Amino acid sequence: MLTVFTKEQLLHTQACPKLLNMCLQATHKWSDSSLAIVVLDNGYLLASESVWSSEQMLITRIDAQARLHYPTLHWAKCESALIRQTLTESDAIRRERSESLSFDESNQSMAKQALIDIVMDAHRQQATDIHLRMVGREARIAYRIHGQLYRQPSRSRTSVTEAIAAALNTQSEDFREVFDERHLSGASISLVMPDSGQTMRIRTQKSPCRDGFSVTLRLQPSEQRSLPELYQLGFSPSRIDVIKRVVGQASGLFFISGPTGHGKTTTLAAINSCIPASRKIVSLEDPIEIIQPEIEQKFVSSEQDIHAFANMIKAVLREDPDLVEISETRDLQTANASISAALTGHLVASTIHATDAVGIISRLHDLGVSLEKLSQPGLFAGLLAQRLLPRLCTQCKQEHHSPQWGKHAVQSENGCKACHFTGLTGRVAVSELIIPDERASVWIKQGDWDTWKRNLAKSGWDAMAVDAMLLVRQQLVDPHHAYELVPGLETSANINLSKLTGEALCS
Ligand SMILES: [Zn+2]
């Protein structure tokens with residue numbers, strides 16, 4: 001029986017420099033990504049399962065060479081992705097030391113494979129984003145899983161930068177420059193995952209920071225098996241009914257707000273799936289994040305032209321849509337074009353950055369839309385605000401008791417196998433929805449957001465905080481996460497808790 005090497009055991013080892021070329025060439029020659037071999041500087045010959053079972057000749061050859069340096073050579077097996085990682089890292093470090101960064105074709109294809117390996121590892125752990133920070137010679141890596149960042153072992157900056165460069169140069173649809181780590185702008189990469197055959201779109205975004213620069217890779221599986229439905233995201237049956245009524249209207253504006261990465265786009269896609277096929281949906285997006293075969297999605301490049309969205313809205317209105325969607329309203333031109341469309345009898349839905357439902361109107365005002373314009377009765381069909389809260393792993397969550405919450409559950413520190421040792425399994429949405437009435441128009445005209453909010457609370461309206469408190473009491477969410485992510489939870493402590501025992505939020 002061969003010893004099996006884990007990720008942790010490989011952390012502090014390198015490939016033996018004398019045998020590195022031999023192992024790189026052998027691994028590069030195999031077009032099958034399940035084959036990889038390396039001799040480590042601690043005297044281990046490490047090969048993947050497939051190599052041990054089908055490449056005896058090669059093993060004998062490398063073994064003979066390795067024994068010249070390590071007379072008591074040990075044998076072990078390991079996942080091919082981890083072996084390749086060791087090879088590319090050791091190669092990058094060697095080239096950094098010799099300061100000759102020559103990069104030939106075999107490096108290029110190994111580098112491309114290195115990015116696939118990183119993406120596969122992240123995707124397996126259910127990460128939505130990979131965050132890379134280049135500091136000195138180091139690439140610090142973190143995965144965002146269920147909304148939280150998890151640090152991963154650091155890699156060499158050279159190998160990670162080369163991996164991204166190789167993919168951008170060969171696999172990108174919209175990358176038109178020569179790769180330069182200081183000038184990497186947003187671009188998309190398509191990679192096929194060897195384990196599932198699934199195509200993964202990766203949106204890269206680079207920004208400078210104090211001590212280097214950072215790159216964010218957003219993972220977008222392009223063949224989503226099925227889009228989630230609203231109830232699966234955590235919306236209550238009564239809220240789903242109201243949302244359906246809102247998007248069933250002939251005209252008006254419907255906004256979904258929340259911070260970045262809190263599922264606004266996913267909610268909009270889930271809403272689309274409950275709209276009857278007899279209605280035509282045209283969606284204008286930059287970038288296209290979720291492929292939705294049932295609707296008409298158009299890519300709008302707004303990077304160079306700030307009027308791109310506004311012009312496209314005017315153009316698609318001539319194509320007789322029932323619902324026009326805009327991936328995000330982030331400038332005055334787009335906001336004004338949407339308002340004109342809504343006032344001329346069209347239904348327009350969009351996402352927007354705002355803290356809460358009332359905040360959507362103040363955000364539009366901040367963009368430059370006058371209060372006069374915003375207060376026109378009937379302009380807004382609905383204002384939805386949402387957050388995603390980490391859902392506790394049912395296998396390892398821990399029971400607690402406090403005077404404020406009574407019996408509740410908190411995240412396990414070390415997690416368990418079922419939750420990849422994070423203590424969490426996915427996320428659940430909390431939301432609030434306002435259908436502005438005539439009285440709201442008065443407060444909007446005066447810009448009096450506080451009075452509006454006070455009146456909503458008095459009328460028994462369910463703010464996002466109520467959703468969050470219900471989830472805590474159902475032991476689905478840790479109260480610490482609720483406090484951290486939901487605005488107004490502190491001040492909602494006087495909400496009548498008996499109200500919360502009524503409706504079940506999750507099925
Ligand atoms: Zn667990």
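This report describes strand pairing, helix packing and nonpolar cores in a predicted model.

## Basis

Residues are numbered from 1 along each chain as its sequence is written. The model is predicted: local features need pLDDT of at least 70, side-chain atom pairs count only at pLDDT 80 or more, and totals for chains, interfaces and linings use all residues.

Helices (H or I, at least four residues) and strands (E, at least two) are DSSP runs, numbered from the N terminus. Two strands pair if DSSP finds at least two bridges between them.

## Strands around S5

Strand S5 (residues 127-135) pairs with strand S6 (residues 138-145) in the antiparallel sense, over 8 bridges. Met 134 has Ala 139 in S6 as its bridge partner. The two strands form a hairpin with 2 residues between them, and Gly 136 in the turn has a positive phi of about 60°.

S5 is also joined to strand S10 (residues 212-221) by 6 bridges, again antiparallel. Here Ile 130 stands opposite Leu 217 in S10.

## Helices H1 and H3

Helix H1 (residues 17-29) packs with helix H3 (residues 56-67) at an angle of about 170°, their axes being 11 Å apart. Axes are lines fitted to C-alpha atoms, for helices over the stretch in contact, and angles run from 0 to 180 degrees between N-to-C directions. H1 is therefore roughly antiparallel to H3 (the class for angles over 145 degrees).

Leu 19, Met 22, Cys 23 and Ala 26 in H1 meet Leu 58, Ile 62, Gln 65 and Ala 66 in H3; contact requires C-beta atoms, placed from the backbone, within 7 Å. By class, this contact has 7 nonpolar, 1 polar and no charged residues. Ala, Val, Leu, Ile, Met, Phe, Trp, Tyr, Cys and Pro count as nonpolar, Asp, Glu, Lys and Arg as charged, and the others, Gly among them, as polar.

## The seven-stranded sheet

An open sheet of 7 strands has mixed pairing and the order S13-S12-S14-S15-S11-S16-S19. Its edge strands, S13 (296-299) and S19 (424-434), each pair on one side only. Within the sheet, strand S14 (residues 323-326) and strand S15 (residues 347-352) pair in the parallel sense over 4 bridges, and Leu 323 has Leu 347 in S15 as its bridge partner.

Helix H10 (residues 308-317) lies across S12, S13 and S14, running at about 165° to S12.

## Nonpolar cores

The largest nonpolar core has 79 residues; Ile 313 and Leu 389 are among those with the most contacts inside it. A core is a set of buried Ala, Val, Leu, Ile, Met, Phe, Trp, Tyr and Cys residues joined through C-beta atoms within 7 Å, where buried means 20 or more other C-beta atoms within 10 Å of a residue's own. A second, separate core of 52 residues includes Leu 10, Val 119, Ala 139 and Ala 163.

Technical notes. Angles under 35 degrees count as roughly parallel, over 145 as roughly antiparallel, 65 to 115 as roughly perpendicular and the rest as oblique. Two residues are in contact if their C-beta atoms, placed from the backbone, lie within 7 Å. A residue is buried if 20 or more other C-beta atoms lie within 10 Å of its own, exposed if 12 or fewer, and partly exposed in between; C-beta atoms are placed from the backbone.
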